[in-house]
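Reader: Please take me through the disulfide and the parts of the fold around it. I would like one connected account, with the cut-offs stated.

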Amino acid sequence: MTLYKRFFPNITSSFWFVMMIVMWLAFAPRQAGGMASYIIVIGNSMEPNFHIGDLIIVHEEPRYEVGDAVVYDNRELGNFVFHRIIAEKLGRFTLKGDNNSWTDTYEPAQQEVLGKLWVYVPKGGSFIQIMRNPIVMALTAGLLAGFITMGFFKGKSKGKRQMNKEWFASIKQKLQTRLMKADNPEPSNPYTSDQGHVVVTMFFALGLVAFVSFILGIISFSRPATRFAKNDISYDQLGFFIYTASSSQGVYDSGTIQSGDPIFPKLTCVVDMNFQYTLVSQQAENISGTYQLTATIAETTSGWQRTLALQDEATFKGNTFGTNAKLDLCKMERLTQAMEEGTDFHPGAYTLTISPNIKVAGTISNHALESTFNPALAFTYDRIHFYLVNDEEQGTLLNVSETGVISNEEEQANTVKFFGKEFAVPALRLIAVIGLILSLGGLLFLGSKLQALSKSDPSQFIRAKFGSMMIDIQHANVVDSKTTIDVSSIDDLGKLAERFNAMILHTEFSESHAYYVQDEGTTYRFVMGRQETGSNVPKKDAGKELQ
């Protein structure tokens, strides 16, 4: 047990070193290299669970899911918002306050999300706001300065004399021992004080690896190794309408009717209608489907409509196709006249829409695709001419595009984010297990070696334990003291050396070793081995065992 008591402080130091790093990463603000962001609730949109003045601490995550309460940067408001994710589409989140009946108009992307709720401190934000008050900050700083000053002068008045004595005694002892070493160079020793430093360093390093692996194991094994992540596959369907017709000279600049021009049935009845289709996507395979151009004349107020096929249904293969059909506007005009004559209903205008009625199937990135695409080219008919309906956002809709999504969830390795980088949980688990096994194995191996050394060569074992605080001297008679006290073990002598902040003086005889610690005229001594006749070492029991 004495072996591990000696090196236990080094292992403990490594533990607290790791804990300080973990606490720093967990609670330090992102601006200071940590992982946390601190937000004070200033509204009631998240009630009844979160209230005004509460403190919210969030951590950035590699992935956010529906149901997560997150803080994001709302570019419309120019402020951070704490709301809950209710939907996700194409890499953007739809959010809503728990106490709101509406959703947020701004939909942030992954990189605009500051983090997911980690710690919630009721009224913690109100306390921080109070502490920010200049008067409160000044009073707090004054109180802290007063306590520090009182403690300083109190400790100084009590310990000034003792501190001076210990300091001068330490300086005296170190000068004395260094002069003795200069006059009498120490003999070669297979186990030097540098090796003692190495042993201490090895215990610290192995302890550091062990605790890092332990913390890493807690983090990695507390999270699932895999997760189902949405990997939506998007594709675009593009449609292009083109129509042309002949016309009398002098009515149109080009002499013919072109796409976008109004059409007068009095000038021409037949229009050539052309439609081009394109599917845009990566890894699109085995694309095929059907199409059929149709024309629908309708009266929107009453809901009356008639639909006519401009062509028979046809099939296509590949990502693109084109088709042509004849549109008889005079026939559309006759349909409206027949409706009015039969019903005595005379609306002011009608709507004519041309639709391709596309059905498409295939695979995109090895995922099944089944979709429809049915854009409408709309004309208004006012009994005189047909003219395109203008859309406020997309214009005449001669060119139409539509984005489709294939919902896909893939099982992938879960990740943990450190220092802005993502690490796979399975890899972290493996590193944690290997690190823990190697470090604990190293500690056991190093301990067993030192334990074996304590039996085979006690003097070198002592040097391994206390080499960093030991100085070899040549003559015991240089140890000047008024009082000599024998201690029962080298560990007791080591405790005294640490207490007095002194070095352990060591002298070696043919079959014995003597160790000394001096403090204010008192010498503490431990002798190991058989007494040498005529030596300056006081008599001790032969064969005294190392404890």
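Author: The torsion about the S-S bond of C269 and C330 is about -60°, so the disulfide is left-handed. The model is a predicted one, in which local features need pLDDT of at least 70 and side-chain atom pairs count only at pLDDT 80 or more, while totals for chains, interfaces and linings use all residues. Residues are numbered from 1 along each chain as its sequence is written, and side-chain values use heavy atoms, with hydrogens and water left out.

The structure holds one disulfide, a term that here means a pair of cysteine sulfur atoms within 2.5 Å. The S to S distance between C269 and C330 is 1.4 Å. The pair links distant parts of the chain, 61 residues apart: C269 is in the loop between β9 (256-257) and β10 (270-280), and C330 is in helix α5. Helices (H or I, at least four residues) and strands (E, at least two) are DSSP runs, numbered from the N terminus. C269 counts as partly exposed at 26% relative accessibility, whereas C330, at 11%, counts as buried. Buried means under 20% relative accessible area, exposed over 50%, and partly exposed in between (1.4 Å probe, protein chains only).

Helix α5 (residues 329-343) lies across β12 (294-299), β13, β16, β19 and β20, and runs at about 150° to β13. Contact means heavy atoms within 4.5 Å. Axes are lines fitted to C-alpha atoms, for helices over the stretch in contact, and angles run from 0 to 180 degrees between N-to-C directions.

The five strands form an open sheet in the order β13-β12-β16-β19-β20, with antiparallel pairing. β13 (304-309) and β20 (386-388) stand at the edges with a single partner strand each, so one side of each is left without a neighbour in the sheet. Neighbouring strands of this sheet are turned by 25° against each other on average, direction ignored. Two strands pair if DSSP finds at least two bridges between them. Strand β16 (residues 350-355) and strand β19 (residues 377-381) pair in the antiparallel sense over five bridges, and T351 has T380 in β19 as its bridge partner.

Next comes the nonpolar core, a set of buried Ala, Val, Leu, Ile, Met, Phe, Trp, Tyr and Cys residues joined through side-chain atoms within 4.5 Å. The largest one has 43 residues, of which Y243, L327, L352 and I354 touch the most other members. Apart from it lies another core, of 17 residues, including A502, V517, Y524 and M528. Leaving aside neighbours within four places in sequence, I354 is in contact with F241, M273, L293, T294, A295, L310, L327, P375, A376, L377 and F379.

A further open sheet has four strands in the order β14-β11-β17-β18, with antiparallel pairing. At its edges stand β14 (314-317) and β18 (367-373), each with a single partner strand, so one side of each is left without a neighbour in the sheet. The twist averages 15° from one strand to the next. Strand β17 (residues 358-364) pairs with β18 in the antiparallel sense over seven bridges, and the bridge partner of I358 in β18 is F373.
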